[in-house]
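Open the model in your viewer and keep the sequence panel beside it. This tour goes stop by stop: what to select, and what is there.

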Amino acid sequence: MNKEKFWKLFPLGTHLCREPMPGMAEMKRDMEIIKRKGFNLIKLQEHWMTDEPAEGVYRFERYHELIEHAQKLDMGVYLGLTCEQAPNWLWEKHPGCRMEHKDGTAARYQAQTTLPADGKPGPCFDDPGAMADQIRFIKKLVESLGAHENIVVWNTWQEIGYWSDWLSGGPVCYCPETIAFFQRWLKEKYFDIGALNGHWNTRYGAFENVLPERGVHSVAIPQTFFYQYFMDNVQTANVLASRCRAIKETDKLCRPVFAHKGGPELGSGMDWTLSRTQDFLGTSNYPAWGSGHHWDDFTQSNRLPKHEALLTEMWDKLAYRMDFIRSAAKPGAPVWAAEYQGGPVSTNFHFGRVPDACDMRRWMLTTMAAGATAISFWVARAEIMAPETNGFALLDSEGETTERLDEASRVGKALCEYPDLFAANNKPQAEAAILINEENFRVLKSMGYANDAYQYDLRGWYKTLWQAGIPCDFVEASQLGDKKTLSYKVLIAPFALSMSNETAEGCVKFAEGGGSLILEGACGRLNETAYAVRGQMNPVIRDALQVSVTRFSLVREPGGNDRWSQRERTWGEYAEEGFLAGAGKEKNARLRANFFVETYETECEADVCFTWDGKPAGIRKKKGGGEIVLIGTAAGPCSTAYTDDGSLAAIVNLLESCGLLAGCNLLAGCGVNAEKNDNLHASSNLLASSNLLLQKRIGSGREAWFFTNPGREPATETIAVPGRAFDLLGEPLEQKNGAVTLTVPPLDLRVLIVQNEMQKKIDE
C-alpha cells in the first residue's frame, strides 16, 4: 500500500503493541487477524532509548521486518516517535538537558520503558546538544524506514505534553536554556523593555532581568501566566516544529506529519497553536476512563447510574473533545482519533468495564458525527505490562476475535466504503460558536477556583447546545474579525473574567456585523495582564451596553450544598440561592444563578432581560446589525448541576430568539415549543422538534446524516430525504414517497447515507 492509495481510504487502524515487544511471529499473526477484520492501518511506535542504545548504534531491524509484513498484507503503517524516552547516553553526554523544576531541583525521572507515560517529561530540548542529537536520530530513522512506501504518516509526539507534576514532582522547565529562550521570545514580542513594563506594570531594566515567578504558591501576575503561555504555545511548539521539519527535510516521499494530544486543552487556544506546527493534529479518545464531573448531578451517588454515565461518555468524553480539536485544526486538515479505546481501561488493579458491541458502535459513530477523519485503536492485543495489564485492547490476551473487535470491524468497514464522506474534514460550519480566549484561560489557570468554575461553565454550555440539537464550533479569540467567524449567528463567551480591549472590540464588531453575542457576568473584570479594571467590567463592553455594575456577589448553592462553594471567611459573603427572573422578551423565564450573581444600572430599562431582587441582572441591547446579551451569572452549569427545566428552557429560548433552531425536544414540558416538522432544515442541519439529534458530514454528491438518540426509549422519526438513502450499517429502512422512517434505540446512533440523483447514477 502506498501513500497515494492510503489517502483515498478512510484510515482504520490499531496500535500493534506496547514495548517491550513480544515475539515477531506473534505480532505478525496479530497483524493478519486485524487485516482480516478490515483494518487498513497498523501503528508502530518507535522508542529512541531502545532504537539507539549507544550513540550512533541504530536498531531498526524489527521495524523493517514488521513494515515489510504489513506491505505483504496491503496495510499502511502509521509510525510514531517516542523521543521523550531518551537513551541513557544522552543524559550523560548532555547533563544540561535535565529539565529543572520551579524550585530549582532537577527532574531526575529517567524513563526505562514507555510506561507510565511514554518517557515524559523527557529531556529539555532547549539544550542545543540534546536538540541536535534528537534531530540527527529522527533524520536517520526517517532515512532508514522511509524507504518503505507503505509508511503513510509520521507522528512526532504521542500525547503532547510533559506531565511533570505527576511524573517528576513539579512544573518544568526552569533551566537556564529555557529561561533564556523565554527572554528572547519576550524581546521579539515587545521589542523594547519599556513596552513590556507598560503592559505588565513592571519596572525591569532589561529583558535579561525578566524571570518567571517561582514561588511556592503561584499567583495571577504576568510573570506566572506569560511563562505558562510560553511553555505551552512557544517552547512545546518549537519542539514539535523542529521534529516536523527534520522529517520533511529527510522524507523523499513527502508523507504527512502530525502529532496528537492526550486530550484537547479545553478552554485554551493552545491547540490552535500546536496544530499549525504540523500538517494536522489528533487526540486520544478513552470514553470509559472516567465519567462525569464531581459537581454533576448524577455523580453525587457512590454508584453511577448507567444511562447518565453512558450518555456522558458520548457528549463529554467524545463529542465535546472531538468538536474542540476539530475546531482548532487548520482549515480542511484531517482530524484524527489517533488513540482510541479498544478494550477495558486497566490501571494497576483497577479493571474497567469490558466494552461490548453497543459501546463500540456508540463511541465510533459519536466520534465520526463530531468530525473525525480517522480512528486508530489502542491497542491490538491486550497489554502485557503490570500497570495496564490486560487492558485497552481489541483482542484479549488469547484468541482471534472478541465482540468489541467484531463490532469495530463492522462499523469500520462501513466507514471505509465512503472515504469521500469520512476521510475528509467536511462537517459543515455550525451556526453557533463558543469563544475560546487564551489570555482568559491563562489568567484563570493562575486563580485556582476561578479556573474550575470556567471549565465547568464551558462544558455546561457545550452540553446545553448538544442536548438541544444545536451543532457547535469553537472559535479562538485571534480569529475574531475573520470572515468565517463573522458568519456565525451566535457567539457565546463563557466566564470571560479576563478580557483585553482588543478581544472586546472583536466581540462588539461581531455583534455590529449582525451576530448575537452572548456574554456572562464578570466580563472583563480583569484585563489581559490580570489587573482589575475600573467599573468591574471591560470598558469596551461597558460602553457598548451603556451599563455599570452595581453589585457582584458569590451565590449559594441550592439546598445549602457545597459542591463548588468556597468556605465563607465570615458572615455575609454569599447571596442566597435563587433564580434570575425574566423580563422583556424573556418575561416568565427563570434562570438559576450559579457561582455568582451580578446586577447592573442601565440607561434604558427596555434593554433589561433578567432581574435579581428587582434589579437588572441581564441586558439585551441592539448593536449595529446584531445584538449583545449580557447574563449576570454563569449559565453553563444549568445543564449539568442542580438542573432545572425552567432554566434550561430559558437558555434554549434565548438561543432560538437569536436565530438558532433547537433540534431536539428533550425539554418537553418545560417551555420549548417548536412547531412539529418532519423535514430537515438545510440551513441549520437540524431536525425540528424531534427526539433525535442530527449532525451531518457533507461529501460530493452525498451526505452522512447521524441521528443520535440520547433518550431512554427508542425514537422513531419520518424524515424527508432529497434522493436515495440507505443505512450505513445495512439496517432496514422504510422508504417511500421521498421520506425515510427509522427507529434509533436509546443511547445509540443511526447513520443515513443520502445521495442525490447524479451520485446515484455514478454508483450504479
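**Stop 1: Glu 388**

Select Glu 388. Is Glu 388 buried or exposed? In this predicted model, Glu 388 has a relative accessibility of 11% and therefore counts as buried, the cut-off for buried being under 20%. Glu 388 sits in the loop between β10 (374-378) and α14 (403-416). Now show what touches Glu 388. Beyond its neighbours within four places in sequence, Glu 388 is in contact with Arg 18, Leu 115, Ser 346 and Glu 383.

**Stop 2: the nonpolar cores**

Move on to Phe 377. Phe 377 is among the residues with the most contacts inside the largest nonpolar core, along with Phe 422, Ile 518 and Leu 728. How many residues does the largest nonpolar core have? It has 183. Colour α10 next: α10 gives this core its largest share, twelve residues.

Stay with Phe 377 and display its surroundings. Leave out neighbours within four places in sequence. The contacts of Phe 377 then include Leu 12, Gly 13, Thr 14 and His 15. Others among them are Phe 39, Tyr 340, Met 360, Met 364, Leu 394 and Ala 408.

**Stop 3: Tyr 227**

Go to helix α10 and pick Tyr 227, which has its place there. Tyr 227 has a relative accessible area of 2%, so it is buried. What does Tyr 227 touch, not counting residues up to four places away in sequence? Select Cys 173, Tyr 174, Thr 178, Ile 179, Phe 182, Pro 212 and Pro 222.

Now draw a distance from Tyr 227 to Trp 48. The C-alpha atoms are 29 Å apart in space, and the two residues are 179 apart in sequence.

**Stop 4: salt bridges**

The model has 49 salt bridges in total.

Start with Asp 232 and Arg 442. Their side chains form a salt bridge, 2.8 Å from N to O. Asp 232 belongs to helix α10 (residues 222-250) and Arg 442 to helix α16 (residues 438-445), so this pair ties together parts 210 residues apart in sequence. Arg 442 is buried, at 2% relative accessibility.

Next, select Asp 271 and Lys 261. This salt bridge spans 2.5 Å, N to O. Asp 271 lies in helix α11 (residues 270-275) and Lys 261 in strand β5 (residues 257-261), ten residues apart. Both Asp 271 and Lys 261 are buried.

Then select Lys 93 and Asp 133. The closest N and O atoms of this salt bridge are 3.0 Å apart. Lys 93 is in helix α5 (residues 88-93) and Asp 133 in helix α6 (residues 128-145), and 40 residues separate them. Which of the two is buried, and which is partly exposed? Lys 93 is partly exposed at 39% relative accessibility, whereas Asp 133 is buried at 6%.

**Stop 5: the largest cavity**

Switch to a surface or cavity display. Rolling a probe the size of a water molecule over the atoms shows where empty space is left. The whole structure has seven cavities of 30 Å³ or more. The largest of these has a volume of about 130 Å³. To centre on it, select Ala 319, Ala 369, Trp 466, Gln 695 and Thr 708, the closest to its centre of 17 lining residues. Colour α12 (306-328), α13 (357-369), α17 (449-467) and β25 (693-698): each gives two or more residues to the lining. The lining has eleven nonpolar, four polar and two charged residues.

**Stop 6: the second largest pocket**

Finish at the second largest pocket, which holds about 610 Å³ of space. Select Tyr 229, Asn 437, Glu 438, Glu 439 and Glu 476. Of the 27 lining residues, these lie nearest the centre of the pocket. Which elements supply at least two residues of this lining? They are α8 (176-190), α10, α11, α16 and α19 (501-512). By class, the lining of this pocket has eight nonpolar, ten polar and nine charged residues.

Note on methods
Residues numbered from 1 in each chain as written. Predicted model: local features only at pLDDT ≥ 70, side-chain atom pairs only at ≥ 80, totals over all residues. Heavy atoms only, no water. Salt bridge = Lys/Arg side-chain N within 4 Å of Asp/Glu carboxyl O. Helix = DSSP H or I, 4+ residues; strand = E, 2+ residues; numbered from the N terminus. Buried < 20%, exposed > 50% of the residue type's maximum accessible area, 1.4 Å probe, protein only. Core = buried A, V, L, I, M, F, W, Y, C linked by side-chain atoms within 4.5 Å. Contact = heavy atoms within 4.5 Å. 1 Å grid on protein atoms, 1.4 Å probe; cavity = no way out; pocket = protein on both sides within 12 Å on 5 of 7 lines; lining within 4 Å. Points joined across faces, edges and corners; volume = space filled by probe spheres on them. Nonpolar A, V, L, I, M, F, W, Y, C, P; charged D, E, K, R; others polar.
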